[in-house]
There are 2 protein chains.
Amino acid sequence: MDKSRLQEWKDKRAHRKRSLNHDDLFSGIRSGDLIALSGAITLLESSKPEDQEIAKHLITSCLPFSGNAIRVGITGVPGVGKSTFIESFGQYILAQNKKLAVLAIDPSSEKSGGSILGDKTRMQNLSQAANTFIRPSPAGKSLGGVARKTRESIILCEAAGFDYVLIETVGVGQSETAVQSMVDFFLLLMLAGAGDELQGIKRGIMEMADAIVITKADGENKLNAQKASVQYRNALHLFPANASGWQPQVLTSSALENQNLDKIYQVIASFENQTKINDYFKTKRQDQDRYWLHETITDFLVSNFYNNQKIKSHLTKLEQDIKQGKTTSFAAADVLLDIYFSKK
Amino acid sequence: MDKSRLQEWKDKRAHRKRSLNHDDLFSGIRSGDLIALSGAITLLESSKPEDQEIAKHLITSCLPFSGNAIRVGITGVPGVGKSTFIESFGQYILAQNKKLAVLAIDPSSEKSGGSILGDKTRMQNLSQAANTFIRPSPAGKSLGGVARKTRESIILCEAAGFDYVLIETVGVGQSETAVQSMVDFFLLLMLAGAGDELQGIKRGIMEMADAIVITKADGENKLNAQKASVQYRNALHLFPANASGWQPQVLTSSALENQNLDKIYQVIASFENQTKINDYFKTKRQDQDRYWLHETITDFLVSNFYNNQKIKSHLTKLEQDIKQGKTTSFAAADVLLDIYFSKK
């Protein structure tokens with residue numbers, strides 16, 4: 001290795017060390033440096049204790065500078081055109097002089113071998129645009145862990161000056177509840193035609209929506225999409241009102257024709273405006289804080305219980321007994337709790 | 001006290017003792033004796049350890065003879081006419097040669113000073129009918145506790161030969177999820193007119209329903225009720241299908257005119273038939289068993305945590321810190337968990 005190569009390598013190592021330092025990362029984030037932001041998120045996704053230490057410190061430092069973005073959750077089954085929608089809606093948001101961060105939650109991403117958003121080519125224009133930060137779903141087996149990393153990433157993004165945060169998830173599982181608990185506004189993408197395509201959406205998700213957007217409203221599908229939007233509008237009117245006092249809106253959209261992106265943007269802005277006036281915006285965020293405090297605690301208590309060796313060795317047998325009608329769920333729970341608390 | 005009075009008193013005491021004895025209660029229940037059934041439920045609602053001991057033993061004994069009823073949850077906001085509906089529907093059920101048990105879940109009953117169904121005069125005919133057992137909601141502060149007592153009561157009722165169990169709850173809170181997790185079929189009562197009356201129903205409850213019945217479909221309200229039923233039918237078609245493959249039904253009913261009770265009965269029978277053929281019936285009950293096993297464990301772990309004196313003394317301060325943006329929910333949870341597990 002000649003001298004200049006060695007120096008180069010030393011510089012790189014020094015730079016890498018510096019970039020993992022709290023103060024540099026913090027000032028980097030605050031000045032909107034995407035490399036620093038990205039590095040900080042990598043730290044909080046790391047399982048190394050020393051990385052976790054810096055990440056925790058960073059989040060505490062960033063916290064006073066967070067909270068100023070509008071946080072929008074976007075969900076829909078695979079095939080509804082989520083990436084395409086985010087690609088065009090994202091560009092519309094940028095055109096309104098907003099800085100846009102796109103995050104994702106997909107606890108299954110590890111299993112499926114590639115997280116949503118992992119393939120940035122699906123958002124080619126957006127991923128190359130200025131004032132944009134796109135981050136794939138953190139890997140992880142537990143939804144709680146993935147959700148925590150995403151929520152902490154929101155704090156970092158906001159401290160870096162991003163004022164519009166989109167959080168993408170797939171509308172087929174538990175992660176919608178997690179996303180619902182970290183966003184201000186929840187947008188559900190649906191396909192026209194109340195047929196088989198809808199089977200993928202989980203029950204209960206529709207009632208979470210602050211707006212439903214019927215996608216692919218172009219060409220031959222335009223009329224169908226409009227019909228569907230009327231049907232959904234009528235259906236949503238039958239639903240009990242949201243605590244926000246907000247009546248969920250239904251719109252159609254075509255990413256191909258960039259149709260109605262302005263209206264969707266306006267709907268979200270109206271929601272923000274209305275709920276800031278009636279204080280629901282603030283109340284909801286406080287409720288979310290409480291939710292995550294208690295959710296994190298419950299998560300840990302439960303996983304600590306089920307990871308206990310004695311519990312593991314008794315659980316299967318007791319589950320069998322329940323199935324065979326030899327004992328009740330309650331009696332079995334009592335037995336397990338006795339074991340757990342007697343001598344851990 | 002003369003001799004005969006003393007003897008009478010001794011007999012009474014002996015009788016009382018005997019009636020609290022496991023074997024007598026068990027054979028009483030199995031022979032369909034309502035006094036024994038009622039006494040057994042009183043034992044399982046008791047907080048005395050010795051009563052609990054007998055109750056547990058009884059439930060284990062009854063378990064092999066349980067499971068043969070159809071379990072139907074009924075919910076709706078106050079004013080929808082739940083008691084009136086159960087009064088007439090219950091009599092229709094009895095006329096089909098079924099033995100009917102009516103239970104209730106209302107965790108707030110202690111606070112409000114009287115549980116639903118507590119006032120049997122609201123079901124005057126039903127409460128005096130043969131082959132009927134009506135039991136008010138057990139008192140209790142925690143939903144988990146109330147739900148457990150109700151679920152164990154179902155086992156006792158089934159062992160006593162009741163083959164139709166209605167479980168009533170008020171459609172405004174968390175208890176619907178609990179009821180949903182112990183019934184085969186979930187019936188939602190609604191009023192016509194998608195106006196203010198609906199505000200009381202909690203979001204998410206509509207999507208749980210296997211059938212919606214629009215009540216008070218008589219007199220001037222008849223047309224409104226029919227219109228509403230069409231609207232709800234259309235709306236439910238837009239919903240994702242239930243895992244059972246069952247399409248939720250919408251009917252109107254008038255308890256005054258005993259209208260459509262036969263149809264509602266038939267809908268429930270079809271559901272039972274269809275889901276027994278496709279095995280969903282059995283699968284759902286097994287899922288419910290698992291749910292209650294894990295729910296009971298989680299409930300206990302969580303309440304044990306929050307009742308810890310050290311946790312209590314730190315929680316308020318940390319919640320304040322979160323509210324003031326000094327720390328995150330996650331960091332606060334970490335602190336509390338450290339305290340809890342370091343030296344309990």
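**Figure 1. The loop between α5 and β2 of chain B, with N97(B)**. In this predicted model, N97(B) occupies the loop that links α5 (82–95) to β2 of chain B. Although N97(B) is not a glycine, its phi is positive, at about 65 degrees. Most residues other than glycine have a negative phi. N97(B) is exposed, with a relative accessible area of 74%.

**Figure 2. Strand β2 of chain B and its burial**. Strand β2(B) spans residues 100–105 and is mostly covered, six of its six residues being buried. L100(B), V102(B) and A104(B) point one way from the strand, while A101(B), L103(B) and I105(B) point the other way. In a regular strand the side chains alternate between the two faces of the sheet.

**Figure 3. The strands that pair with β2 of chain B**. Strand β3(B), residues 132–134, runs parallel to β2(B) and is joined to β2(B) by three bridges. Here A101(B) has F133(B) as its bridge partner. Strand β4(B), residues 164–170, also pairs with β2(B) in the parallel sense, over six bridges. In that pairing, L100(B) stands opposite Y164(B).

**Figure 4. The open sheet of chain A**. Seven strands with parallel pairing follow the order β3-β2-β4-β1-β5-β6-β7. The edge strands of chain A are β3 (132–134) and β7, each of which pairs on one side only. From one strand to the next, the twist averages 20 degrees. Helix α10 (residues 222–238) of chain A packs on the sheet and touches β5 (185–190), β6 (211–214) and β7. The direction of α10(A) makes about 175 degrees with that of β7(A).

**Figure 5. The pairing of β2 with β4 in chain A**. Strand β2(A), residues 100–105, and strand β4(A), residues 164–170, run parallel and are joined by six bridges. Within this pair, L166(A) of β4(A) is the bridge partner of V102(A).

**Figure 6. I212(A) and its contacts**. The largest nonpolar core has 109 residues, of which I212(A) and I212(B) touch the most other members. Leaving aside neighbours within four places in sequence, I212(A) contacts L188(A), M190(A), M206(A), Y232(A), L236(A), Q249(A), V250(A) and L251(A). In soluble globular proteins, nonpolar side chains tend to be buried together.

**Figure 7. The loop between β7 and α11 of chain A, with N258(A)**. N258(A) is placed in the loop between β7 (249–252) and α11 (261–277). The phi of N258(A) is positive, about 50 degrees, although N258(A) is not a glycine.

Terms used
Residues are numbered from 1 along each chain as its sequence is written. Chains are lettered from A and ligands numbered from 1 in the order in which they are written. This is a predicted model: local features need pLDDT of at least 70, side-chain atom pairs count only at pLDDT 80 or more; totals for chains, interfaces and linings use all residues. Side-chain values use heavy atoms; hydrogens and water are left out. Buried means under 20% relative accessible area, exposed over 50%, partly exposed in between (1.4 Å probe, protein chains only). Helices (H or I, at least four residues) and strands (E, at least two) are DSSP runs, numbered from the N terminus. Two strands pair if DSSP finds at least two bridges between them. A nonpolar core is a set of buried Ala, Val, Leu, Ile, Met, Phe, Trp, Tyr and Cys residues joined through side-chain atoms within 4.5 Å. Contact means heavy atoms within 4.5 Å. Axes are lines fitted to C-alpha atoms, for helices over the stretch in contact, and angles run from 0 to 180 degrees between N-to-C directions.
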